Amino acid sequence: MSSLRQKIRSYVEANVLGKERALDTFVDNPLATYSSFVDLGVANWWISKDFGGRGVSLEDSVDLVDELSYGDAGLAFAYLISIVPSTMIELYGTPAQKATYLRRMAEDGCFAATIASERAAGSELLKTQTTAVRAGDSYRITGQKLFSTNAGFADHVALFVRTPNEDPDFKCLVIRRTTPGLRIVKRWYTLGLRSAATYEVALEDCLVPADAALAPNGLRLLEAAMNPSRTLIACCAVGIARRLRDLCLDYAKHKRFRDDHLNSSPVFAAKLGQMEMQIEAMRSVCKSAAREYDELRRSDEAGDRLLGAGMLKSVAVAKLFCGQVGWQIASMASEMFGGLGYTEDSLVGKLLRDMRHVSIIEGGEDVMRELLYFRHVLPKHAG
């Protein structure tokens, strides 16, 4: 085990395990646990060494997120999701943007947020209605954004807007969260991942310098940058599944079943053997997706190649597969606990909610299936 993975495992043991109920709340964020993670010196572990970061590969990041999610997937999600704006800045930002934002993320461990989704658009971001109108050397922005994790306390945000009469007509603007006119409307009360904080955001006559824009088309940048985040979100299911397996094992040691304990039952053994196979399969698809992404990132034309590839097939597979299989494991675990699996007295109920949330965020199952169909099934049979 790498020293960094062991460091994060020790953090989880000291700050998370046994405290899950306190984290599974809607207290004001960021939680004190966030600060302890920043103090650990590993926040934003993927930032390049060129900007003072650790430069951890996506493949190694899978192991780190696995460890974090074993403790609490909401924390893992809050800690990893800054990879979306940082990836766009590193691949497509100006030297000044990279020096400003990436170095701050590496040195201060600050959070970043992506502000993209809207109520009417849903997953169809081409229907984005938040508009940026040119006003001299600035954009004047008006609109309403639905879901943005970390937006309430982020250092900076990647904001996606429609830019009428310009080419491209969608842009990504990187701005400070404290920019006048950017207002947090509310925090959403989510069913799962409650230790993360997701917000509704309003843009009200928000004036942003035109040079805050990344090039080229903002929606293509977002699709490329969600390759690492979707891979790590899929990996959250691995950590949750491992925790469910261990809870089942512990429960079975003490649960009386017929003339013995539950862990002596062949049926229980078969279910846990099935879980173990599924966990290894989930880990494998996450690692495979991460290796493909890392190979692209190491190339001299990484930005162009990722724009050309869009959403990698291996990433879509990992997101879809881990969501489905993770839910199967969570359902199986809850059944083992009987009625307790559906009460607040059992941690299984929380993990069940978290697992479902993981399968939905950044593209639910139907979104991933449709993407695989139109990008990778139809083209093969177009002739």
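Predicted model: local features only at pLDDT ≥ 70, side-chain atom pairs only at ≥ 80, totals over all residues.
A polar contact is a pair of N or O atoms within 3.5 Å; within protein, one must be able to donate a hydrogen and the other to accept it, and residues adjacent in sequence count only if both atoms are side-chain atoms. Residues are numbered from 1 along each chain as its sequence is written, and side-chain values use heavy atoms, with hydrogens and water left out.

- Asp24 sits in the loop between helix 2 (20-23) and helix 3 (32-39); helices (H or I, at least four residues) and strands (E, at least two) are DSSP runs, numbered from the N terminus.
- With 13% relative accessibility, Asp24 counts as buried, a word for under 20% relative accessible area, while exposed means over 50% and partly exposed in between (1.4 Å probe, protein chains only).
- Setting aside neighbours within four places in sequence, Asp24 is in contact with Arg194, Lys350 and Arg353, where contact means heavy atoms within 4.5 Å.

**Helix 8 meets helix 10**

- Two packed helices are described by the angle between their axes and the distance between the axes.
- Helix 8 (residues 218-254) and helix 10 (residues 302-309) have axes that come within 9 Å and cross at roughly 100°.
- The axes are lines fitted to C-alpha atoms, for helices over the stretch in contact, and the angles run from 0 to 180 degrees between N-to-C directions.
- On the helix 8 side, Arg220, Leu221, Ala224 and Asn227 take part, and they meet Leu306, Leu307 and Gly308 in helix 10.
- The residues of this contact divide into 4 nonpolar, 2 polar and 1 charged; here Ala, Val, Leu, Ile, Met, Phe, Trp, Tyr, Cys and Pro count as nonpolar, Asp, Glu, Lys and Arg as charged, and the others, Gly among them, as polar.

**Two arginines of helix 8**

- Arg220 lies in helix 8 and is partly exposed, with a relative accessible area of 40%.
- Beyond its neighbours within four places in sequence, Arg220 is in contact with Leu307 and Gly308.
- The C-alpha atoms of Arg220 and Leu372 are separated by 17 Å, and the two residues are 152 residues apart along the chain.
- Arg242 also lies in helix 8, but Arg242 is buried, with a relative accessible area of 10%.
- The side chain of Arg242 makes a polar contact of 2.9 Å with the side chain of Asp66.
- Apart from neighbours within four places in sequence, Arg242 is in contact with Asp66, Glu67, Tyr70, Ile279 and Arg283.

**The nonpolar core and buried stretches**

- A nonpolar core is a set of buried Ala, Val, Leu, Ile, Met, Phe, Trp, Tyr and Cys residues joined through side-chain atoms within 4.5 Å.
- The largest such core has 132 residues, of which Trp45, Tyr79 and Ile141 touch the most other members.
- Helix 8 gives the most to this core, with 19 residues.
- Not counting residues up to four places away in sequence, Ile141 touches several residues, including Thr130, Leu159, Val161, Leu173 and Asp205.
- Helix 6 (residues 83-92) is mostly covered, with 10 of its 10 residues buried; among them are Pro85, Met88, Glu90 and Tyr92.
- Leu296 is found in helix 9 (residues 266-298) and is buried, with a relative accessible area of 8%.
- Leaving out residues up to four places away in sequence, Leu296 touches Ala302, Arg305, Leu306 and Leu312.

**Backbone details to look for**

- The peptide bond from Asp167 to Pro168 is cis, with omega near 5°, and Pro168 lies in the loop between strand 4 (156-162) and strand 5 (170-176).
- The peptide bond from Ala215 to Pro216 is cis too, with omega near 0°, and Pro216 is placed in the loop between strand 8 (213-214) and helix 8.
- Leu193 has phi near 50°, a positive value in a residue other than glycine, and it counts as buried at 3% relative accessibility.
- Asp205, in strand 7, has a positive phi of about 55° although it is not a glycine.
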